[in-house]
Amino acid sequence: MQDEILLTPWREFPVEDSDPFAPPDEEEWDFVLVSDIHEVGSQKEIKRKKFLDELSKKGFTIKKIEDQKLFYGLRAPRQLFHKYQQLLRNPDHSWHSPDAHQEVPVTTRIRIVNFILQNTVTPDLEKLQDLIKKKVFEASFPLHKKEEVREFLKEKWARWRSIFHHQPIEKIRCYFGEKVALYFAWLGWYTRLLGIAALAGFLTFVSGFTIFSSSQVSKEICEANTTVMCPLCDQNCPFWYLSETCTYAKVTHMIDNEATVVFAMFMAIWATVFLELWKRNRATVVTNWDLYGWDEEQEELALELINNLQHEPRQYQHSYLRSTIVLTLVLVMIVVMIGIAQALVVYRVVATALFSQSESELLREQANTVAVVTGAVLHYLTIVIMTKVCSGARAGRGLLLALPPPPLPSHSTPLLQVNRRVALFLCDLEKPRSFSQREKKFTMKIFTFQFFTHFSSLIYVAFFLGRINGHPGNYVRIAGKWRLEECHPSGCITDLFIQMATIMLLKQTISNVMEYLIPCIAHRLRKKRQRPRQRSAVLGEEEEAEDPCKRQWLNNYQLNEVNIFSLFDEFLEMVIQYSFTTIFVAAFPLAPLLAFLNNIFEIHLDAIKMMRLYRRMVPRKANDIGVWLHVLEAIGILAVIGNGLVIAITSDFIPLQVYKYTYSPCMAENSSGVDCSAGYINYSLSVFRTQDFEPQTRAQALPGFNSSQSRECRYRDYRNADDYSYTVQFWHIFAARLAFLILFEHVALCVKLIAAWYIPDVPQSVKNQFLVSKHSNLRKELSMMEYSTEV
C-alpha cells in the first residue's frame, strides 16, 4: 500500500535538545528514495509510479513526504527476511537486535532491501539505476538513525580526541557491516605493525645522519678542489670543481650506506610477517562472527531467488578472444602511462638546460636539483589528473552505475578517474558473471593502472637516469638537441629520495586535507541550499503537527552521497601507500614513518566522514578483504625485486664494495690503518679530452685556467681515456651487481617463504574451535540416529 502524507509547516528545533537523525517513535524505514517534483502526467512521473507500484506488489510499505523534493520511505515485508534466514540457515543467529520487531540485524535488512531495489524491473524493463540515470529518481539511501551503536561510534570513535584509542570493530560491524569493519580492522593492524617499520626506518636514517660528515667518500668529494668536471649542459655551462657538490655528496651518503641494505632486507621480511599475522587476526575475527566458511556466491544466489523465484543463474563463461582484447588494451594503457612518464623526463631535461642558462645565480647553480623537485611536483599533478579528473554529472553517474548493486550516487558532480573509466570499460568487455567477480577483475585492473601512474616516473629515476645518457662527446639527445640527464658523481639515489619524499608529502597533506574539506564544505552548502519549505500560517488556523520522519529524512538527504567506490577508494589509497613504503624503501627509509603518521589520522578521518559527513553506506557481508590480499602479496614480491634493483643498480653500494675488495689500498701490503674507501672517487671518474666535445657544446672555462688545465675534464663512468670504451672495472661491477641482485632476491624470497611457513595462517585456537564444533555436531547427529532406531 501507499500512504501519502503532505508536508506541514516547518518548525525550528533546538540543536541541543534533539538529534537530527532521531527516528520517529513508532515508524522504522529501511530505505529512502528521493525525486524531484515532476509535473502530473509527465513521463518521469509515470515511470516513478510504475517503479513504486512494483515495490508495492512485493509487499513494500511506502510513505511519501513532500518538500522541495519528494521523499519516499520504504519498509520491506518480514517475509523477505524470513526467506533469507531459511535459505542461508540463519547466518545471523548470533546477533540480537534491540528492536523486538526486527528478526535480522539492521545491516542485513538494509543489504537485502538494497538488492531488491536495484533489481526490481518495471514493465518498461527499467531498473532503479536506469531511472536515476534518466533523473526520474535523484537518490536512494539507507538512514542514519539514533541507535545506541551509532551514538557510541560518534562519541568514542568518530572524534579526533579518540585518535589513540582502540577501534570498536564489533560496533563498526553492527552499524556498517562486515566489509567496512574488516577494512578498519586491516587498517588498524597495518598501522600497528607499520610502527615497527617506521622505527626501523627512522633508526636507519639516524645511523646515516651520524656519518653525514665522516664518510670517506664525502670527504674526498669535499676536498676535490682541483678535480675539474665536464659541463652539465651544452650552452654557457662552465667547467666546475667536484668540491662544489660537497653538501649533495654528504646527503647522498647519508641515504646510501650499509644500513640501507639491512633495512631493505628487513622490510622484505616485515611485509611477509605483516600479511601472515593479518591472516591469523582475520581468521580469529571472522570466526567470532560465524563467517569463516561464508560463501559469497551462495548469498548472491539466495538474494536473486528472494527477489525473483523464477531467476536462473548466469553461467560461467570464458572467451579467449575477449581475454586477448582486454590484455592488449591493458598493455596499450600501460604504454600510455609510460609515455606520460617519458614526458616528465623530457621536462626535466629541458628544465635543467633552461635553468642552467638563467640569469639567477641560484637557479644556475642548483639547476639539476630544481629540475628534480619541480619534476616531482609535476609527477604528483599527473597522478591527480589520472586519478581525480572532474567530469560532467551525467557521464559520471553513468560510469558509477556501471557497477551495481551498492548505493548509487545522486545528482552532484563526482570525481572520476581516467584510470577507473578505462578499467570499467575493460570489465564490460570481459562480461563477468556476478558483482563479486566484476569487483575482483576491476580491482586488479585499476591497481595495475594506478601502480604505473604512481611509479613509472620513479622507475625511470631509479633504474635509467644517468645510465642511458651516453658520455661526453657522444651524448644521447632528445630531438637531437637536449641531452639526457647525468647522475651526480655521488650517485642517483638522492634524486629518487627527493622524488619519493615530494610525492608522499604532497599526497599525504594535500590529498588528506581535500579529502576532509571537500565533503565538509559540500555538506554545509547542501544543508544551506536545501532548507525545508516554509508554509505561512493562516491567522486562526490550527497548525498541523509535523510528520516525525520529515526532519530525519531531510537531514540524511543533506549529507554527502555515498557511491560504490567510497570504500574501494579507501582501500586503493592504502594499498598504493603500502607500495611506497615497501617497493623503493631502500631509497627512502622515512617512507614507513610518514605512512604511520598519516594512518593515525586516516583512520579517524574516515570514521568522521562516514559517521558525520556522508550518508549511511549500504552494508556488505564479507569474511576477508578479498582480492586486496592477493594485491598485497604481489606488492611484497615486487618489494623484494624493487629494493634489490635499487641497491644493485641505483645505489653506489656495489661499486664501493668492488673497489674495497679489489682495487683499494687495503688490497696492498702494509695497509693497516688505511680506510678501504680511500681513492674511490678518483677510481669512479673517467677522463675526457675537451677537444672531443661535440660542436654544440660550448663550455665556459673556469677563472684562472691555463691551456693545459682545460684539455681534460672528468665525468662519472668507467671508460678508457683513449677510445671511451668500457674498462675492466665496469664489467667487474656489472658482474657484482648481477650476482648481488640474484643473491639478495633469492635470500629475501627464501626468508619470506620460511616466514610464511613458520607463521600459520589460522591460529590453533581457531582450528580447535572448529574441531570441537564438528565433533559436537557429529555427536548430535549420531545421538539422533540412535534415538530414531530405538523408537
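User: Happy to start. How many helices and strands are there in the protein?

Analyst: Keep in mind as we go that this is a predicted model. Of its 791 residues, 54% are buried. The protein has 26 helices and 17 strands.

User: Among contacts between residues at least 6 apart in sequence, what percentage join residues at least 24 apart?

Analyst: A contact here means heavy atoms within 4.5 Å. Taking those between residues at least 6 apart in sequence, the share that joins residues at least 24 apart is 81%.

User: Let's look at helix 20. What span should its 17 residues have, and what is the distance between its end C-alpha atoms?

Analyst: Helix 20 covers residues 566-582, and 15 of its 17 residues are buried, so the helix is mostly covered. At 1.5 Å a residue it should span 24 Å, and this agrees with the distance between its end C-alpha atoms, which is 25 Å.

User: And helix 22: how many of its 24 residues are buried?

Analyst: Helix 22 takes in residues 627-650. From first C-alpha to last it reaches 32 Å, close to the 34 Å expected at 1.5 Å a residue. Helix 22 is also mostly covered, and its count of buried residues is 17 of 24.

User: Are helix 22 and helix 25 roughly parallel or roughly antiparallel?

Analyst: Helix 25 spans residues 728-758, and its axis lies 9 Å from that of helix 22, at an angle of about 155 degrees. Angles over 145 degrees count as roughly antiparallel. That makes the arrangement of helix 22 relative to helix 25 roughly antiparallel.

User: Which classes of residue make up the contact of helix 22 with helix 25?

Analyst: Helix 22 passes helix 25 in a right-handed crossing. On the helix 22 side the contact includes Gly636, Val640, Ile641 and Asn643, and on the helix 25 side it includes Arg737, Phe740, Glu745 and Lys752. By class, the residues of this contact are 11 nonpolar, three polar and three charged.

User: How are helix 12 and helix 14 oriented: roughly parallel or roughly antiparallel?

Analyst: Helix 12 (residues 320-356) and helix 14 (residues 367-387) have axes that come within 9 Å and cross at roughly 150 degrees. The crossing of helix 12 past helix 14 is right-handed. With the cut-off at over 145 degrees, the two helices are therefore roughly antiparallel.

User: What is the make-up of the contact of helix 12 with helix 14 by class?

Analyst: Among the residues that meet here are Met333, Met337, Ile340 and Arg348 from helix 12, and Ala367, Val370, Leu378 and His379 from helix 14. Sorted by class, the contact has 13 nonpolar, seven polar and one charged.

User: Where does Gln357 lie, and how far is its C-alpha from that of Cys233?

Analyst: Gln357 sits in the loop between helix 12 and helix 13. With a relative accessible area of 40%, Gln357 is partly exposed. Along the sequence Gln357 and Cys233 are 124 residues apart, while their C-alpha atoms are separated by 9.1 Å.

User: Is Glu300 buried or exposed?

Analyst: Glu300 belongs to helix 11, residues 296-307. Not counting residues up to four places away in sequence, Glu300 touches Phe115, Ser434, Phe435 and Ser436. Its relative accessible area is 18%, and the cut-off for buried is under 20%, so Glu300 is buried.

User: What is the phi of Lys431?

Analyst: Most residues other than glycine have a negative phi. Lys431, in the loop between helix 16 and helix 17, is partly exposed with a relative accessible area of 46%. Although Lys431 is not a glycine, its phi is positive, at about 55 degrees.

User: What relative accessible area does Tyr724 have?

Analyst: Tyr724 lies in the loop between strand 17 and helix 25. Tyr724 has a positive phi of about 60 degrees without being a glycine. Tyr724 is buried, with a relative accessible area of 10%.

User: Last one: which residues is Asn720 in contact with, leaving aside neighbours within four places in sequence?

Analyst: Asn720 is in the loop between strand 17 and helix 25, and it is partly exposed at 29% relative accessible area. Its C-alpha is 7.1 Å from that of Ser686, 34 residues away along the chain. The contacts of Asn720 beyond those neighbours are Ser725, Tyr726 and Thr727.

Technical notes. Residues are numbered from 1 along each chain as its sequence is written. This is a predicted model: local features need pLDDT of at least 70, side-chain atom pairs count only at pLDDT 80 or more; totals for chains, interfaces and linings use all residues. Side-chain values use heavy atoms; hydrogens and water are left out. Axes are lines fitted to C-alpha atoms, for helices over the stretch in contact, and angles run from 0 to 180 degrees between N-to-C directions. Helices (H or I, at least four residues) and strands (E, at least two) are DSSP runs, numbered from the N terminus. Angles under 35 degrees count as roughly parallel, over 145 as roughly antiparallel, 65 to 115 as roughly perpendicular and the rest as oblique. A crossing is left-handed if the near helix is turned anticlockwise from the far one by less than a right angle, and right-handed if clockwise. Ala, Val, Leu, Ile, Met, Phe, Trp, Tyr, Cys and Pro count as nonpolar, Asp, Glu, Lys and Arg as charged, and the others, Gly among them, as polar. The expected span of a helix is 1.5 Å times one less than its number of residues. Buried means under 20% relative accessible area, exposed over 50%, partly exposed in between (1.4 Å probe, protein chains only).
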